[in-house]
Amino acid sequence: MSLKLEEIKGLIKESIPDAQITIQDLAGDDNHYSATIKSKIFSGKSKIEQHKLVYKALKGKMGNELHALALNTMEI
Amino acid sequence: MDKNTNDKIKNELKQNEVCLFMKGTPAVPQCGFSLAVSNMLKHLEVKFKGIDVLENAELRQGVKEYSDWPTIPQLYIKEEFIGGCDIVKEMFEKGELQAKLKEKKISYKSG
């Protein structure tokens, strides 16, 4: 159960093309990440909605292949 | 999700004003994120029920479907889904969690 950093970035970019993504592999195990994602699509949305958009981009991998992704979403 | 699981989640949310679906228990959390949310609630001296999803695979999956949220922990206040660890932490730091508790008339320790 792991997901490469580049794969995560790719999936997010695919569904949120304007996303500015900074990801850190927290434990060096391809399984615990922290990401800051900035995009225009977050504007006017609640934090829950913003995070759901990111989870949706990850196509069900969150909580499965990917154990931990701390999220910080921001509108630009 | 089967009806039993759905009913169980609804009942827990009805019976407990502040509900935390978590891995492990408030006394012995089994995951750092569950620990973090549990500690914030303890810090605020909020009375809450911690529900260990590791004891029940159907519940673990069910609560994710219930909220359309893929991860645990999940915090609910008066049946409203508040968020997972990142959101609750951010709200806590900004004082928004405290404001939410106040709005929902849940007693907590301020200051």
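How many residues of chain A are in contact with residues of chain B? In this predicted model, local features need pLDDT of at least 70 and side-chain atom pairs count only at pLDDT 80 or more, whereas totals for chains, interfaces and linings use all residues. Residues are numbered from 1 along each chain as its sequence is written, and chains are lettered from A in the order in which they are written.

Contact between the chains, defined by C-beta atoms placed from the backbone and lying within 7 Å, involves 10 residues of chain A and eight residues of chain B. On the side of chain A that touches chain B, two or more residues come from each of α2 (47–57) and β3 (68–75) of chain A; helices (H or I, at least four residues) and strands (E, at least two) are DSSP runs, numbered from the N terminus. The most is given by α2(A), with five residues.

Within chain A, three strands form an open sheet of mixed pairing in the order β1-β2-β3, where two strands pair if DSSP finds at least two bridges between them. β1 (20–25) and β3 of chain A each have a single partner strand and stand at the edges, so one side of each lacks a neighbour in the sheet. Strand β2 (residues 32–39) of chain A runs parallel to β3(A), to which eight bridges join it. A:I37 has A:T73 of β3(A) as its bridge partner.

In chain B, the contact between α4 and α5 is made by B:V88, B:M91, B:F92 and B:K94 of α4(B) with B:E96, B:L97 and B:K100 of α5(B).

Methods
Contact = placed C-beta atoms within 7 Å.
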